[in-house]
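Here is a walk through one protein model, written for someone who likes to know the cut-offs behind each term. Please keep the viewer open as you read.

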Amino acid sequence: MKKNATLLFILGILLISGGMYYYPYKKINHASEPKEKNHIQTQQEQKIPRSGDLIFQTSLSQQSQAIQLATQSPYSHCGIVFEENDQLYVLEAVQPVRRTLLTEWIKRGKDEHYVLKRLKDAEKTLTDSVIHEMQTIGRAWEGKDYDLTFEWTDDKMYCSELIWKIYDRTTGIKIGQPEQLKDFDLNSEIVKNKLTERYGNDIPLDDTVISPAAIFNSKLLETVQL
């Protein structure tokens, strides 16, 4: 009897000890799962377009190839993303300056490929009031003609000029370095023909120009979707 009682006592201790070891182990595993899921969700949320994001594509327009050759970049068109009434759209300078639903804008590009970029300190810089100011400027410029001669005025607008000026005038941030027309690669016959078509024999080589490539390559931006 004493031997059986002793065995039962030892067995009870082992079961209790095993339980104390087992349950905390399960609890630790269980607690770690939501953290992993939250991390994945955060990464996915980061890729969702936000107001103020810049978006780039290879345009299928007639001048697209000339822009690609002159700037040595595959991306010839760009715009700025805004959310309004639970819809995402792209403010862009085409003919004329206008808002286009993001889904439609993407379909217009070559192979529907696009790259989404975001200001590195967007959380701090792009406050609600700044975004509102950006949208206000954008609305004021809607309807302006596309600038075929890439002049540095507000009378007409081309795509990269539009988003560069909106950022500059609302945040003071200059995304991309403006260049002069002569700084681009103008050696291709395709580029030369396009310049002659636009300017004749009087090409303004000293004019200030901001290209989609200059903005795309800015170190102030990070790539969100590629």
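The notes below go from the whole chain to its sheet, its helices and a few loop residues.

## Model and confidence

This is a predicted model, in which local features need pLDDT of at least 70 and side-chain atom pairs count only at pLDDT 80 or more, while totals for chains, interfaces and linings use all residues. Residues are numbered from 1 along each chain as its sequence is written, and side-chain values use heavy atoms, with hydrogens and water left out.

The mean pLDDT of the protein chain is 87, and 80% of its residues reach 70 or more; pLDDT is the predictor's confidence in each residue, from 0 to 100. Over residues 13-33 pLDDT stays under 50, and there the model has one contact beyond four places in sequence (a contact means heavy atoms within 4.5 Å). Where pLDDT is low, the predicted coordinates should not be read in detail.

## The chain as a whole

Eight helices and eight strands make up the secondary structure of the protein chain. Helices (H or I, at least four residues) and strands (E, at least two) are DSSP runs, numbered from the N terminus.

Of the 226 residues, 41% count as buried. Here buried means under 20% relative accessible area, exposed means over 50%, and partly exposed lies in between, using a 1.4 Å probe and protein chains only. Among contacts between residues at least 6 apart in sequence, 69% join residues at least 24 apart.

## The sheet

Six strands form an open antiparallel sheet in the order β4-β3-β2-β1-β5-β8; two strands pair if DSSP finds at least two bridges between them. The edge strands, each pairing on one side only, are β4 (97-101) and β8. From one strand to the next, the twist averages 35°. Axes are lines fitted to C-alpha atoms, for helices over the stretch in contact, and angles run from 0 to 180 degrees between N-to-C directions.

Strand β5 (residues 115-119) has five of its five residues buried. Val 115, Lys 117 and Leu 119 lie on one side, with Leu 116 and Arg 118 on the other. β5 pairs with β1 (residues 54-57) over three bridges, and Ile 55 stands opposite Leu 116. β5 also pairs with β8 (residues 221-225), over four bridges, where Glu 222 is the bridge partner of Arg 118. β1 in turn pairs with β2 (residues 77-84) over four bridges, and Phe 56 has Cys 78 as its bridge partner there.

## Helices on the sheet

Helix α5 (residues 128-141) packs on the sheet, touching β2, β3 (87-93) and β4, and its direction makes about 120° with that of β2. Helix α6 lies across β1, β2, β3, β4 and β5, running at about 50° to β2.

Thr 170 is found in α6 (residues 159-171). With a relative accessibility of 12%, Thr 170 counts as buried. Not counting residues up to four places away in sequence, Thr 170 touches Val 130, Glu 133, Met 134 and Ile 137. Its side chain also reaches the backbone oxygen of Ile 166 at 2.7 Å. That is a polar contact, a pair of N or O atoms within 3.5 Å; within protein, one must be able to donate a hydrogen and the other to accept it, and residues adjacent in sequence count only if both atoms are side-chain atoms.

## Helix α7

The buried residues of α7 (residues 189-199) are Val 191, Lys 194, Leu 195, Arg 198 and Tyr 199. They cover an arc of only 105° around the axis, so they sit on the same side of α7; the arc is that of the directions from the helix axis to the C-beta atoms. Glu 189 and Glu 197 are exposed on the other side. What covers the buried residues includes α2 (64-71).

At the start of α7, a side-chain oxygen of Ser 188 reaches to within 3.1 Å of the backbone nitrogen of Ile 190. Gly 200, with a positive phi near 75°, follows the helix.

## Backbone details in the loops

Most residues other than glycine have a negative phi, and most peptide bonds are trans. Asp 86, in the loop between β2 and β3, has a positive phi near 65° and is exposed at 74% relative accessibility. Asp 111, in the loop between α3 (102-108) and β5, has a positive phi of about 55° and is exposed at 69%. A cis peptide bond, with omega about 0°, joins Gln 95 and Pro 96.
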